[in-house]
Each structure stands twice: as C-alpha cells, then as structure tokens.
Amino acid sequence: MSLPVQPRLINDPTGDPGLYLDFRFGRRAMLFDLGDTAPLSPRELLRVSHVFISHTHMDHIAGVDRLLRLRLHRPRPLLMLGPPGFVKQMQSRLTSFTWNLLDETAVDFRLTVQSFDSDRIAEVAEFRARERFARRKLPPPDMAPGRVLSEPAFEIRAATLDHGIPSLAFAFLERDRVNVWRNGLSELGLPVGPWINAAKQAIRDNLPDHTVIAVPGAGTVTLGALRTRAFRTGKGQHIAYVTDAADTGPNRTRIIGLARAADQLFIEAAFFEADRSVAAATCHLTARAAGEIAREAGAKRAIPFHFSARYGANTANLAAEFHAAFAAL
C-alpha cells in the first residue's frame, strides 16, 4: 500500500543528516534538518512548507541558503523551527544579505521562524520580503508541551536532547487515517466534496454515531452511517528522527518516549562501540547504543544514519553493529 507520507534520507548514511517527508497526495513536503540538499531537486524543495532543525551545526543547516534562494520570489510561505536562539540566528543570516531591490511591490514571501526551548515554542518572528526581511515579533502558539505543529491530520512533536548543546529530536504522528470508500458513498447517495473533511475530523474526534453531518446538495447523514458504509479507519503513521545526542540516561528516556512504537525510526549511529570514548567526547551515540534505544522504543523499523566520516567506506560493519543490538532478545 502506498503510504500518504513517505520519508527518505536526503543523503547516504555518511552524508549530511536530513529527512525529507513527502506528502504524496498533498503537493507538500517537510524537512527534518537541512544540510547538503544537492540530492533534492528545486521542485522538491519548492514543495516544502516546514523545516525542523535539530541544531545549527553546519552539517544540519548548510542548505538553508539554497532553500531561501528558491523561495524568495514565490508567494508560498515557509516556517522554520530550531533550538533556543534560532530566531536570532536566522535574523543574522537574513541581515547578511543586501535587500535594496525589495520593496512593497515584491512578491510577498513570508518566512516564520520559531525557537523551541525546553518543551515548548518560546519565541516567534516573521520576516517578509516586502519589508526587506525586517523582524516582526509574533506571539508563540498555544500548544501542549512537546508539540511544535498541530494540524487536523497529524502533529509534530519535539524533544530536547543533550549534545553538549540543545539538540532537538522530532516525531511525525499521523492521527487515525480515515479512508473513503466511493461505492459506499454512492450507495448512500452522497457526492464527493469538501464536506468529507469535516466528517473525517468528526471521526478522528470520536464523536458519537448520532452526530449529524451536513452534505451540501444531499441533505444530512449520520456519522454512524458513514462509519458503517463509507469510511474505513486505520492507525496513522509514526515517524521519528533522532540525531546528535549523547548516550545518557535522560537522553535515552526522551528518545524512547518520542519514538515509542514508531513505524520508522531514523536514528544516528555515529561510532563503533569500540570507540565509545570518542562518542562520549563528542556527545554522539554509538551504533550499539542506537540499536538498543531503537529496540527499547519498540520501533517496528529502525534506520541508522549519520555514520562518522572517520570510517570511510567501512559502513557495513557499523550498520551490522546497530542491527545486532536492535534485534537482540
């Protein structure tokens, strides 16, 4: 079955970290981290609506200039979220360019930047092309702790990890998936239309069967009839992304909480266990530690990445160490 959101690493496991979430039927994409984006086409980058940055080491954010260059003269807005201080960092990046050719007639490209501190969005600013990217302060959204985005079909959560500096891990959690059976709609005499989105949300909200749904041009229908004859509900996807974190008890607890029972867990496995001292000094996970965490989280599938360049092409053994720990009983 083709999943509605398909994740893929931007680069091979030794390249810059980055995960591309492709909304197959939504003409939309999201990014977890933004290092080297050369493998992504301009068309793929133009689909991106949100970018979630773990931390601002160069290999996690070097691609931001290319993304902004592509988006500059297009009206579609872009939201970027990162760790504490991220708003100020992006403001500094924007002010490093000369914008004298922009004025009130420019394409109204808007960049919203958010800083996530501890367990919530603490700072928000907007930068508009028509204002030469002067900083506008905005109020932080009112969200539950750990949430950074909430939409009817899914939410994005974040957890702050210790990498010597704050480093964010992310999870995409799709709400219960509601699929429409066209034959069932026809049997009920109901047309396809925007009303279906409201009905789907009513099912996700677990409203009672007697709830009445208005169908323009066709009267009304109860939610129970839709559940029984036209809609099919399934569990949504859970995709987690974890990179650049020390192997500490608190980090393990936070990662496991974020990735518990994930359908897919993308997790860094930077060093061999034999090089644990190097991993500890640089606040990274070993392949064995990453595999253990993935197993303890109960991830259905785990994909290691962010292998240290010190091993060159010797990545098969690193992956093997990870999978041995992941599969251990």
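Start by selecting Leu 188, which sits in helix 5, residues 182–188. Keep in mind that this is a predicted model. Now show what surrounds it. Leaving aside residues up to four places away in sequence, Leu 188 touches Ala 225, Leu 226, Arg 229 and Ala 230. Pick out Arg 229 from that group: it is 41 residues from Leu 188 along the chain, yet their C-alpha atoms are separated by 8.0 Å.

Colour its six strands and you can follow the order 9-10-11-16-17-18 in an open sheet with mixed pairing. Strand 9 (147–151) and strand 18 (302–305) are the edges; each has a single partner strand, so one side of each has no neighbour in the sheet. Ignoring direction, neighbouring strands are turned by 15° against each other on average.

Zoom in on strand 10 (residues 154–162) and strand 11 (residues 166–174), an antiparallel pair joined by nine bridges. Click Ala 158 and look across to strand 11, where Phe 170 is its bridge partner.

Last stop: helix 3 (residues 64–71) and helix 4 (residues 86–95), packed at about 65° with axes 12 Å apart. Their crossing is right-handed. Show side chains for Val 64, Asp 65 and Leu 68 in helix 3, which meet Met 90, Arg 93 and Leu 94 in helix 4. That contact has four nonpolar residues, two charged and no polar ones.

Definitions and conventions:
Residues are numbered from 1 along each chain as its sequence is written. This is a predicted model: local features need pLDDT of at least 70, side-chain atom pairs count only at pLDDT 80 or more; totals for chains, interfaces and linings use all residues. Side-chain values use heavy atoms; hydrogens and water are left out. Axes are lines fitted to C-alpha atoms, for helices over the stretch in contact, and angles run from 0 to 180 degrees between N-to-C directions. Helices (H or I, at least four residues) and strands (E, at least two) are DSSP runs, numbered from the N terminus. A crossing is left-handed if the near helix is turned anticlockwise from the far one by less than a right angle, and right-handed if clockwise. Contact means heavy atoms within 4.5 Å. Ala, Val, Leu, Ile, Met, Phe, Trp, Tyr, Cys and Pro count as nonpolar, Asp, Glu, Lys and Arg as charged, and the others, Gly among them, as polar. Two strands pair if DSSP finds at least two bridges between them.
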